[in-house]
Every structure is written in C-alpha cells, then in structure tokens.
Amino acid sequence: MTLAAMTLFLWVELIGFDNTKADFGVDAYLARMERKPDAISLLLNSDRLFLSYKGPGMGDFVLPPANCAYRSRPFNKERKRQEWTAEQLKGLVKTLRGKDIEVYASFFYFDDMPVEDDRIQVVADKLVPFLVDFGFSGFHGSDGFAPPMHFLKQCEHKDRARIARKTAAQFAANWKCLAGALKAKGLKCYVNTCWTLDPYEALFRYGVDYRSLAASGVDGFIVESSAAAHLAHGWVKTKASPLDKSLAMLMRLKAAVPNTPLILLHGINDGAE
C-alpha cells in the first residue's frame, strides 16, 4: 500500500504571495507554518494563459486578472489583487523551488474533458512547453481537467452504464496523453478526485474510473476529502452523516487504487467560493 499521509501539499493563488517583495513574499508565507510544505500548487485559474503561450519569444508580459486571483477577485483578507508578470511568476516558482519545494501549475479547463484525441494533443503541446519554460515541477489537474465539470446526461440505468464506461475510457485516454507528454519532459502530474465521490459515484455520475485513471500514468490523486464538502453536495441524500460518508469514500478509494498515492485536500480558507 502506498501512503502519502505525511505529504504536505498546499493549493494557493498568486494573491497569497506579494510581488512587491524581493522574494515574492515566500519567506513570510512559509514562516506561518510549523513545517515547510513538500509541494505547492499555484492556482492560475484560467487555462487561457498556457493555451495562448507562444514560447520565450513573447518576452515579459502582464498576466490577465483571472490568473492573478481566482475568478479575478479584487482582494483577499491581506492584500488587493496584484498585477503579476510572466517574469515575476517565473521568479516565484524559482524561489519556491530554491526552498526544495515542488511547484505545480493548476488551471481550470473550461472546455471540459474528456475531449477528442486531437484536441487533447493540442492541450499537451501547449501545456508542456509552458510548464518547462516557467520552471514548474509538474501539473496539478483540477476542475475540468479532473474531474469533469458536468454530470453525465440523464438516462436509463442500462444506457447510463454504457455511457459512463465509454466516457471513462476516453477520460483515461486523455490523461494517458497528458501524462506521457509531461513525463517525457521529466514533469509530474497529480489529479483531483471527483470532489467527495467514491469510485462508484465518480464512475456513474461523472464518467471517471479511478482505476483506469491511475493506470494512465498519473503520479497520484489529490483527494477532496472534506466532510463539509459532502454537506455542500445537497443532492447526496442519505441517512449517513457527512463525516461517515467522507471516511467511507476514503476507504473505498484506497481499496480501488491501493498503490496510488493519495494526498488529502482539506479546505482551510477559500476567499472566493
């Protein structure tokens, strides 16, 4: 059994750092923690950043507001949204990696996977050079990339099972393409689970098969494990408590992919949602 129980993984927006500081606010950010994180995923939100990237020849450029803060929100509890540039983002990644912290890029994919083979190849061809040029350790697949943004269409159970398995096969094929392109450049990839859903629910609600996804070459799952998130999913109507459902989901997930690292995502503060 592969466990990642001692892995400290943080998911944070650029607004969590300060580009007016020489170190981009990294030392002040890390000073709040009793233990240095093993990895940080920078939520850059809009996938248009890498889809429109044309390589180092672009020179320095200003990042759109949607990349500087989730949903372009104008402020958080500490500071107003700052205008970041490409070179500053590279500097932040370099500073964090200089602290022996792995740094991942995370985007929301608004076109929604799974997609056709030729389209996912375009995504891979755009994503990988961006990650390499900006110095990232790898890619963190979140909403839209993993999991899909929408339920499977409503239909009879027999048809739903067929559609779910067909969707799951294409979804795994998408990630086999992405993971292969990433690993060819020495990059890692972790993907979110389908929010708080166990393997059965993930397959028949969203068309995601955790086993085939694990076999596609991803390095592990970021598990949306919060019991509060279960409560937010109001369509899950059972007598069990959110805590019991959360614990049951974790056990079923681990049973389904016993050799795949699972990193738990506990919500601490989300100033946007």
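Colleague: Is Arg71 buried or exposed in this predicted model?
Modeller: This is a predicted model in which local features need pLDDT of at least 70, side-chain atom pairs count only at pLDDT 80 or more, and totals for chains, interfaces and linings use all residues. Residues are numbered from 1 along each chain as its sequence is written, and side-chain values use heavy atoms, with hydrogens and water left out. A residue is called buried under 20% relative accessible area, exposed over 50%, and partly exposed in between (1.4 Å probe, protein chains only). Because its relative accessible area is 53%, Arg71 is exposed.

Colleague: Which residue has its side chain joined to that of Arg71 by a polar contact of 3.4 Å?
Modeller: A polar contact is a pair of N or O atoms within 3.5 Å; within protein, one must be able to donate a hydrogen and the other to accept it, and residues adjacent in sequence count only if both atoms are side-chain atoms. At 3.4 Å, the partner of the Arg71 side chain is the side chain of Tyr70.

Colleague: How far apart are the C-alpha atoms of Arg71 and Ala272?
Modeller: Along the chain, Arg71 and Ala272 are 201 residues apart.

Colleague: Which backbone oxygen does the side chain of Lys254 reach?
Modeller: Lys254 is buried yet has no salt bridge, a term for a side-chain nitrogen of Lys or Arg within 4 Å of a carboxyl oxygen of Asp or Glu. At 3.3 Å, the side chain of Lys254 reaches the backbone oxygen of Pro258.

Methods. Lys and Arg count as positive and Asp and Glu as negative; His and the chain ends are not counted.
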